[in-house]
Amino acid sequence: MVPRIGRHTGDSGARLIDISPPISESTPVWPGDTAFNRAVTSDLGGSDAVTINRITTTPHIGAHADAPAHTRIDGAPIGSVPLGPYLGEALVVDMTGVDGAACIKPVEETVERLGGHLPQRLILRTYPKYPSEWENDFAGVSPDLTHWFADRGGVLIGIDGASFDPMDSKTMDGHHAASDRGVAILEGLCLDDVDEGYYELIALPLKFLDLDASPVRAVLRTLPSSLSTPTHAGEESS
Ligand SMILES: Nc1ccccc1C(=O)C[C@H](N)C(=O)O
Ligand SMILES: [Zn+2]
Ligand SMILES: [Zn+2]
């Protein structure tokens, strides 16, 4: 029997791919939202014993996890969401040729092509190249896809775009579908260096007790090759 995620020892040649864009004052944020800003409050370059910065930022910056509280008045803040969804096997699907909201068909086709295995985490690539400036024209995640995935045991969907809903949405249907189905949301992932296929996702939000979102350091770890090829299809229902 092939070793599964969590049981392999770590020096098996697995590669870590950082899918977090850099965060600085020049990181784009939603128009009108609070940009990242920092100020030094204690300075080694002055007479202080330590350097300390103060930061101001929207929590929806770079790679980040949305909490249910972002779009539901009674939704859980990010510090009290379960962590399981943010860790574990994920399938990266290339949607760069797809028009509009990320939808079911490309996922079905990719799963089919890779051998039929659908893990509990789905990561959707919509940009051929991650934008370095704010981009109005991102694809959301279609509610249909979220329902389809939740029906098959899905617990997390991540996307490279800035939001699960198009920029002019007033109803936030993409976000609501996810929170209604208990599907965790990651946004702003930089997938430039990632091929379609199976990986281990690691992207934990911080324990901000009252916040609507948290930045994450998102990485994909390559699986032992026996796990990232179609030969293991159907063996696991992670
Ligand atoms: N409507 C907004 C108005 C102001 C600031 C952000 C938004 C968002 O929708 C953020 C986006 N949905 C996000 O989850 O990052
Ligand atoms: Zn967000
Ligand atoms: Zn969002």
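This is a predicted model: local features need pLDDT of at least 70, side-chain atom pairs count only at pLDDT 80 or more; totals for chains, interfaces and linings use all residues.

**Entry 1: the core**

I looked up the largest nonpolar core first: it has 50 residues, and those with the most contacts inside it are Ala-102, Leu-122, Leu-124, Ile-157, Leu-186 and Leu-189. A nonpolar core here is a set of buried Ala, Val, Leu, Ile, Met, Phe, Trp, Tyr and Cys residues joined through C-beta atoms within 7 Å. Buried means 20 or more other C-beta atoms within 10 Å of the residue's own, exposed means 12 or fewer, and partly exposed is in between, with C-beta atoms placed from the backbone.

Next I noted which elements give two or more residues to this core: strands S5 (87-94), S6 (121-125), S7 (156-159), S8 (184-187) and S9 (197-202), plus helices H2 (143-151) and H3 (173-181). S5 gives the most, with four residues. Helices (H or I, at least four residues) and strands (E, at least two) are DSSP runs, numbered from the N terminus.

I then picked out Leu-124. Setting aside neighbours within four places in sequence, Leu-124 is in contact with Val-93, Met-95, Ala-102, Val-141, Ile-157, Gly-158 and Ile-159. Contact means that the two C-beta atoms, placed from the backbone, lie within 7 Å.

Residues are numbered from 1 along each chain as its sequence is written, while chains are lettered from A and ligands numbered from 1 in the order in which they are written.

**Entry 2: the whole chain**

I counted up the secondary structure of the protein chain and got four helices and 11 strands. Buried residues make up 37% of its 238 residues. Among contacts between residues at least 6 apart in sequence, 75% join residues at least 24 apart.

**Entry 3: H2 against H3**

How do H2 and H3 lie relative to each other, roughly parallel or roughly antiparallel? Their axes come within 8 Å and cross at roughly 15°, and H2 and H3 are therefore roughly parallel (angles under 35 degrees). On the H2 side, the contact is made by Pro-143, Thr-146, His-147 and Ala-150; on the H3 side, by Asp-173, Gly-174, Ala-177, Ala-178 and Arg-181.

I also listed the buried residues of H3, which are Asp-173, Gly-174, His-175, Ala-177, Ala-178 and Ser-179. Their cover includes strand S4 (64-66), H2, S7 and S8.

**Entry 4: both ends of H3**

Met-172 sits in the loop between S7 and H3. Its phi is near 55°, a positive value in a residue other than glycine. Met-172 counts as partly exposed because it has 18 C-beta neighbours inside 10 Å. After H3 comes Gly-182, and its phi is positive too, near 70°.

**Entry 5: a look at H1**

Is Glu-108 buried or partly exposed? Glu-108 is in helix H1 (residues 104-114), and it is partly exposed because 14 other C-beta atoms lie within 10 Å. Glu-108 and Val-93 are 15 residues apart in sequence and 9.6 Å apart in space, C-alpha to C-alpha.

Key. Axes are lines fitted to C-alpha atoms, for helices over the stretch in contact, and angles run from 0 to 180 degrees between N-to-C directions. Angles under 35 degrees count as roughly parallel, over 145 as roughly antiparallel, 65 to 115 as roughly perpendicular and the rest as oblique.
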